[in-house]
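Me: I have a model open and would like to learn how to read its features one by one. Can you take me through it?

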Amino acid sequence: MIPVPVVVTVLGGWCAVYLADTLLKSSNSLKASYEDWLLTYGLSVSPFHLRWQTALFNRQFYNWGRWKPKFLYLWFSVGMVFGIVAMFGSVILLGKTLLQTLTQMLTEAPKAQNDRMLQVVVSVPSSGLCLRANEFGFVPLVFLLCFVLLSCPHQQVPGVNLPISQLTYFFSAILISGVIHEVGHGVAAIREQVRFNGFGIFIFIVYPGAFVDLFTTHLQLISPVQQLRIFCAGVWHNFVLGVASFMVLFLLPAILFPFYYTGVGALVTEVAEDSPANGPRGLFVGDLVTNLQDCPVYNVEDWNSCLGDISEKSQVGYCVSAATLQQLSFPARVYRRLDGTVECCSNNSLTDICFSYSNKLDSQLYACLPARKVIEASKVCRTNMDCHKDFVPSFCVTPSLENQTRLIRVKHPPHIDMLYVGHPLHLQYTVSLSSFVPRQNFLSIDLPVVIETFCKYLISLSGALAVINAVPCFALDGQWILNSFLEATLSSLIVEKQNRELVGFLILLAGSALLAANVALGLWMVTAR
């Protein structure tokens with residue numbers, strides 16, 4: 001959960017800001033100069049909300065909005081089609097997600113979260129659509145929900161299971177996705193001859209976001225199709241940003257080829273202090289992992305896949321000749337652990353492990369053996385048949401460990417193999433790796449990881465904004481997309497504007513209820529389980 005010092009710092013900071021703002025506005029001598037200063041710099045302060053608006057970028061926005069009119073017309077027309085499709089698609093996705101969540105709750109046999117179509121990861125906006133006064137894209141005090149597609153690096157909630165090390169990526173991706181979203185609205189509005197008043201950025205508690213300020217009267221006077229181009233531009237730009245980030249991620253090995261090579265192993269970039277791999281015979285930053293047991297590792301995906309297979313399958317054994325087995329083993333008392341597994345090493349040694357094997361009579365035998373001497377240069381096996389070679393009597397000896405515990409041989413040449421005993425997931429979560437190996441020593445091993453991680457967050461959060469903002473729900477882009485869509489399509493079927501508005505209201509009510517149900521159940525699934 002969120003650390004108490006962080007909560008105290010955030011609340012204390014906002015209380016200090018709001019108190020200072022209140023005192024300055026209450027002061028007879030400072031009130032006028034303070035309000036002039038806020039007005040000059042476009043600042044406004046309210047509880048847990050700080051906003052900055054400027055006209056500095058107006059010229060740039062107008063240059064973008066008047067650049068190649070035919071291309072922009074085609075660009076935003078495609079965006080309009082995408083926005084309408086996304087509006088209907090988001091309802092289908094939310095409906096399926098809600099059914100999946102309810103099924104998991106009722107059966108009490110939850111599937112892996114990766115099987116779900118959408119996953120709640122954050123509550124609070126980075127952008128949205130709200131025609132309030134003449135502002136476009138700012139939803140102050142309304143909690144939006146960001147759902148992440150399957151490309152999400154981790155389905156995480158800040159303060160629940162999002163590491164502090166990832167917060168920079170998270171908030172940067174939210175801000176960039178929000179800015180790109182609002183740039184789409186602003187440029188489309190200028191293209192449709194709607195007056196552009198300014199651009200701004202805000203912070204709500206700790207979440208950053210952006211908005212554009214348009215002249216509402218102009219917006220209401222243009223045709224419904226023109227309105228659709230403007231309202232759909234935000235989700236369209238978020239979709240394009242997600243696709244662009246995916247392309248960079250997909251082409252990253254080619255982009256970094258002059259500086260980094262891939263396909264030779266997984267490069268260790270960080271080992272947590274509490275990791276079982278941290279030690280004199282463990283892994284170090286800069287080591288190149290090439291094998292886990294007999295599973296070859298060419299990149300990070302192979303590392304994760306191999307650990308997954310090791311976790312799901314039973315413990316592998318190692319071929320040991322009968323002579324070596326007799327030489328290394330020593331008498332030991334055999335007893336059963338609470339989980340039913342057998343232990344035969346009672347010397348409290350950190351280097352000896354209890355191994356089980358079967359003889360020709362198929363009786364189960366146990367021997368306490370020095371792990372490294374048994375495993376080094378040994379072939380992995382499942383049965384004694386795997387060890388028959390050169391007519392040398394051999395046995396397949398298997399570590400007798402507690403349930404879910406595995407003995408894993410990690411090859412990272414030129415160093416001696418690391419022998420890991422524990423749960424495979426603990427090794428996976430406490431060792432960070434990269435698929436990119438620097439060609440020169442002066443190149444950073446962290447740069448490809450930073451680019452990869454940031455691209456994944458952009459894909460996830462920009463995709464989230466595209467999906468969520470398209471939902472026909474109050475205070476989201478979907479509200480205005482729906483209203484304009486109904487005006488453009490139903491004006492001939494439903495003549496009375498009041499009746500069209502009633503239809504729109506009922507659809508928005510249903511969409512809001514669907515979104516709220518997903519939010520409540522989704523957050524419960526993330527935090528309560």
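Me: Let's start with I205: in which loop is it found?

Reply: I205 is in the loop between β6 and β7 (207–214). On the naming: helices (H or I, at least four residues) and strands (E, at least two) are DSSP runs, numbered from the N terminus. Before we go on, this is a predicted model, where local features need pLDDT of at least 70 and side-chain atom pairs count only at pLDDT 80 or more, while totals for chains, interfaces and linings use all residues. Residues are numbered from 1 along each chain as its sequence is written, and side-chain values use heavy atoms, with hydrogens and water left out.

Me: What sort of phi does I205 have?

Reply: General idea first: most residues other than glycine have a negative phi, and most peptide bonds are trans. I205 has a positive phi of about 60 degrees, although it isn't a glycine. Q193 is another non-glycine with a positive phi, of about 65 degrees, and it sits in the loop between α5 and β6 (196–204).

Me: Which peptide bond is cis?

Reply: The one from P413 to P414, with omega near 5 degrees. P414 belongs to the loop between β20 (406–411) and β21 (418–422).

Me: Are I205 and Q193 buried or exposed?

Reply: Here you go by relative accessible area: buried means under 20%, exposed over 50%, and partly exposed in between (1.4 Å probe, protein chains only). Q193 has 66%, so it is exposed. I205 has 30%, so it counts as partly exposed.

Me: And where is Q166 found?

Reply: Q166 is in the loop between β5 (145–148) and α5 (167–191). Its relative accessibility is 16%, so Q166 counts as buried. For contacts, think heavy atoms within 4.5 Å: leaving aside residues up to four places away in sequence, Q166 touches T453 and Y457.

Me: How far is L102 from N518, C-alpha to C-alpha?

Reply: Their C-alpha atoms are separated by 9.8 Å, although the two residues are 416 apart along the chain. L102 is in helix α4 (residues 69–107), and it is partly exposed because its relative accessible area is 34%.

Me: Which residues form a nonpolar patch on the surface?

Reply: F239, V243, F246, M247, V248, F250, L251 and I255, with about 710 Å² of accessible area together. Patches take residues with over 30% relative accessible area and no salt bridge, joining like charges within 9 Å and nonpolar side chains (Val, Leu, Ile, Met, Phe, Trp, Tyr) within 5 Å. A salt bridge is a side-chain nitrogen of Lys or Arg within 4 Å of a carboxyl oxygen of Asp or Glu, and areas come from the Shrake-Rupley method with a 1.4 Å probe, with only the protein chains shown counting as cover for residues. L251 lies in helix α7 (residues 224–255).

Me: What does the UniProt record annotate?

Reply: The unreviewed entry gives "transmembrane region" for several spans, including 169–189 and 235–257. UniProt positions use the numbering here, feature names are shortened, and annotations may be inferred rather than shown by experiment. In the model, residues 169–189 are 100% helix and 0% strand, with end C-alpha atoms 30 Å apart. Residues 235–257 are 91% helix and 0% strand, with ends 33 Å apart.

Me: Where is confidence lowest and where is it highest?

Reply: pLDDT is the predictor's confidence in each residue, from 0 to 100. In the chain, β5 is lowest at a mean of 40, and α7 highest at 97. Over residues 120–160 the pLDDT is below 50, and that stretch has 147 contacts in the model beyond near neighbours in sequence.
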